[in-house]
Each structure stands twice: as structure tokens, then as C-alpha cells.
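Student: Could you take me through this structure? I would like to start with the overall layout and then go into detail.

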Amino acid sequence: MIRKLIPTAALAALSVLTTLEPVSAQQSRRGPIDALQSVFGVAPDPTAPGRVLLATEYGLLRAAPDGFAEVLPQVSMAVVGLAPVPGGDAGRLLLSGFVENGEPGGILRSEDGGRSWTVLPGTGGRDGVAVTSLSVSRADPDRVAGLAEEIMLSSDGGTTWARAGQTPKDTLAVAMSGTRAERIYAGTMTGLRISDDGGRSWAEVPVTQNPVTAVASLSGGRVGAFVYGTGFMVADEAGSEWTTVATGFEDRYLRAMVEAPGGTIYGVADTGAILLGRDGGASWISFEGSDLATPERIAAGKALYAETCQTCHGVGGIGESPDNPTAQDEFGFKAPALNNDMHAWHHSDAGMRATIREGSPRNERMIAWKEKLTDQQIDSIIAYLKSTWSIRSLACQGSRHMRCN
Ligand code: HEC
């Protein structure tokens, strides 16, 4: 089952090739991010706080918390790996991908936060390199790891690459250690592996037998791993104690993670959703609306909800007469639950906003609230309602819910 759920990174990269629409001029340049399926990596956008860059089948995208993303035309390939280069200049990034004919597009480097990119010499073309799960060491930024069919390593910043001496069976993700240049982590179908000799040999990390779908070095000498069925776990690299920091992902999982300079952890869910781990990854929210998900806005939204919505949608959004499934109003409806219980999370933020602003064409009781509430107030209510949803629901929000059955 899980084997079907989690394609190996190599397979995932190949499936891109079969589904890749030409990244061409007629490609829609802007679209809702909940429509994206194959998101392989995320990096904080160094040029715009609160935004992210996404590695996708459509190319390199810049996404904003309003739920929309634009294709950055400078990179015309399917991007399967994306990584910030730690230390020094915050605008430094690496990416990797495939061009339209299916050949490696090589390793590209940006010095200006993703505005312009250059292909590292010799990395493109038929004999070139295309890796997913791209990761740059915090201990030595010249050391880069990535995953093709095998673990690939570079010790000159991504220009020349060699296969690791060994790749553990069924490797799903790879990450350079944050503290030791020779240390590499590999997430596999049967747990976490560690190499302390630059990928020549590997040992089991006794933390789980479950699939480890993403690994990332974190600030402060820590390492984070996403364990399918458990959640987000963290360890001090110097010790061996692993702590489960967040659960609640249920059957969903993260396939890539990166920590931003401020400490926020960005994760890519298997559904393509971008999730944001705050408080060291203890609480996860969706990237969409993350700018509004402050304690103040949520508290304001909660108060507004109690004043204006609660009479119909119930305390905390449990819905109208939740104990009576057949209850109906004069239009044949009842006010649905807006918390996690029903399918409020099948709507994108933009969809919820539209319903609340314009009302329901089918039901006069759900009026157009734009007459009574400002856009800011409506956004606060949405932030509050989303704060009642599970991480799984956030990973499945909007049109992604179709991929969550
Ligand atoms: C007088 C009763 C009433 C009040 C007050 C009310 N609603 Fe509704 N709301 C409804 C009904 C009934 C529906 C179902 C309409 C339909 O299915 O067409 C609904 C539907 C919705 C939906 C769509 C839910 C879905 O899953 O499709 C949202 C979102 C919503 N309301 C939000 C709000 C918010 C936010 C407020 C407060 C600002 C509010 N409503 C106030 C009665 C109400």
C-alpha cells in the first residue's frame, strides 16, 4: 500500500516526464496553487518575505499566501530539486530539473534570490545530472546531495557529481547533515539511515521502521525527519534522542522540508500543499492564508464568528443542529459545519472568501456578507475557521481533496 503511495523519488521524477506539458509561452503564467500536483521542493523566496519558490512540473514558481503562483520564465524546465545554499549570501539557490526532451537540464545556480539562473558547466544534456531531494550542507556549502536512481554527491557546489558509494535500498529522500561535512541522511521505505563517511557506508538510525519521506538539517545542530504514520520528528545531531514534535498528518506525509532563516519550516505535502511549521515544527498551518494566521487575527475572527455566523453555523463551526442529520430550512438546506467535521476544507481560501462575500445563490439565509463585513473581517473569520482544521485537512484543502481519498 505505502509502496504505491510513495513513488521513489526517481519514479516521481520520471512521472514528471510523462505528464510534463511544454513549459512554453502559452503556458498560463499564474494559477491557483491548489491545482499543483507534483511539487518536489520548496525554498523561502529571499526577495520577498512570506513568499516561497516551488519546484514543480511546470517549472520554477513563485507562490504567495493569497493562494496563487506565477511561473518564473527564466527557468524553462520541469524542476525536481530546489535548495537554498546556507550561509553567506541569502540569495543563493540551486535547482535541478529535466528539459522537454527528457534530458537532464542540469544544476542551475542563482545568486540573486532566483531572479536569474546559470547552468553549472557540464551538468546539462544527455550525460548531465538531474536530481530531486536536493540538499546543501550547512557545515560545508560546497557539499551537495541529490537523488536520481542513486544518491548523487558533489563536493564542489554542484558542478561535478559522483554516485555515493552506496545508496540504501528504497531511498526516498536524502539530506546533508548540518554539522558534519561527511555526514549524510537517507530516508528510506524502512526507516532512516546515516552515513558518516560521505556515502560509502550506511547505518540504521534506530528511530523508526516506517517510511521516512523527508529529511532536513535544521538550525542549532538539529535534524528533522518526516516519518509516515508518526509525523515530524527532531533530534540533536550530537545525540541520538528523537522527539516527535508534531502528529496529526494521518495518512498524508511531507516529501520535502526546508528551514527558513527565521526558523519557520516549510514542508511540501504529498498532495502538493505547502505547509508551514512554526514553533520549531510543533504547529503546522497551510501556506495559503499564512500571512493572516496570526493569534490576533484568529482571535478577532473568532469573536466576529460568534457575533455573526454562530446562530446558524453553530458554536465553533459545528453546524446547524448537528444531532439531526435530516434537519432542513425552508430552502432544503441547513448551515453546514465549517470546522473540521464536514467538508468546509474542500474549498480553497479564495472559494470560502467568495461564498462569504457573495452569499449562496441557493439559499437566502446565507447572505452576501460583503454588505456587513469588510474584506479584512472576512479574512479573519477564514483564519479562525482554518485554525479548527486538522493538518490533514489543511494538506487536502481545495481541489487537492480529490487526491486525498
Ligand atoms: C442565517 C443563517 C446563516 C448565517 C448567519 C450564516 N450562514 Fe453561512 N450558510 C448558511 C446556509 C444555510 C448555508 C448553506 C448554503 C448552501 O448550501 O447553498 C451556508 C453556507 C456557508 C458556507 C459554505 C459552506 C460549504 O461547505 O459549502 C460558508 C463558507 C459559510 N456559510 C460561511 C458563513 C460565515 C463566515 C458566516 C458569518 C459571517 C455565515 N456563514 C453566516 C446559513 C448561514
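Student: What should I know about the model and the numbering first?
Tutor: This is a predicted model, in which local features need pLDDT of at least 70 and side-chain atom pairs count only at pLDDT 80 or more, while totals for chains, interfaces and linings use all residues. Residues are numbered from 1 along each chain as its sequence is written.

Student: How is the protein chain divided?
Tutor: Domain 1 covers 2-286 and domain 2 covers 295-386; the bounds come from an automatic or database domain assignment. Their C-alpha centres are 37 Å apart.

Student: How many residues of each domain are in contact?
Tutor: Four residues of domain 1 contact four residues of domain 2, where contact requires C-beta atoms, placed from the backbone, within 7 Å. On the domain 1 side, one residue is nonpolar, two are polar and one is charged. Here Ala, Val, Leu, Ile, Met, Phe, Trp, Tyr, Cys and Pro count as nonpolar, Asp, Glu, Lys and Arg as charged, and the others, Gly among them, as polar.

Student: Turning to helices, how do H3 and H6 pack?
Tutor: Helix H3 (residues 295-308) packs with H6 at an angle of about 100 degrees, their axes being 7 Å apart. Helices (H or I, at least four residues) are DSSP runs, numbered from the N terminus. Axes are lines fitted to C-alpha atoms, for helices over the stretch in contact, and angles run from 0 to 180 degrees between N-to-C directions. H3 and H6 are therefore roughly perpendicular (angles under 35 degrees count as roughly parallel, over 145 as roughly antiparallel, 65 to 115 as roughly perpendicular and the rest as oblique).

Student: Which residues in H3 and H6 meet?
Tutor: Among them are Ile298, Leu304 and Tyr305 in H3, and Ile381 and Tyr384 in H6. By class, this contact has seven nonpolar, three polar and two charged residues.

Student: And at what angle do H5 and H6 pack?
Tutor: Helix H5 (residues 349-358) and helix H6 (residues 375-386) pack at about 125 degrees, with axes 10 Å apart. That makes H5 oblique to H6. Asp349, Met352, Arg353, Ile356 and Arg357 in H5 meet Ile378, Ile381 and Ile382 in H6.

Student: Which residues come nearest the ligand?
Tutor: Of the 22 residues around the ligand, these are Cys309, Cys312, Ala335, Ser360 and Met366; a residue is included if its C-beta atom, placed from the backbone, lies within 6 Å. Helix H4 (310-313) and H5 each give two or more residues to this shell.

Methods:
Two residues are in contact if their C-beta atoms, placed from the backbone, lie within 7 Å.
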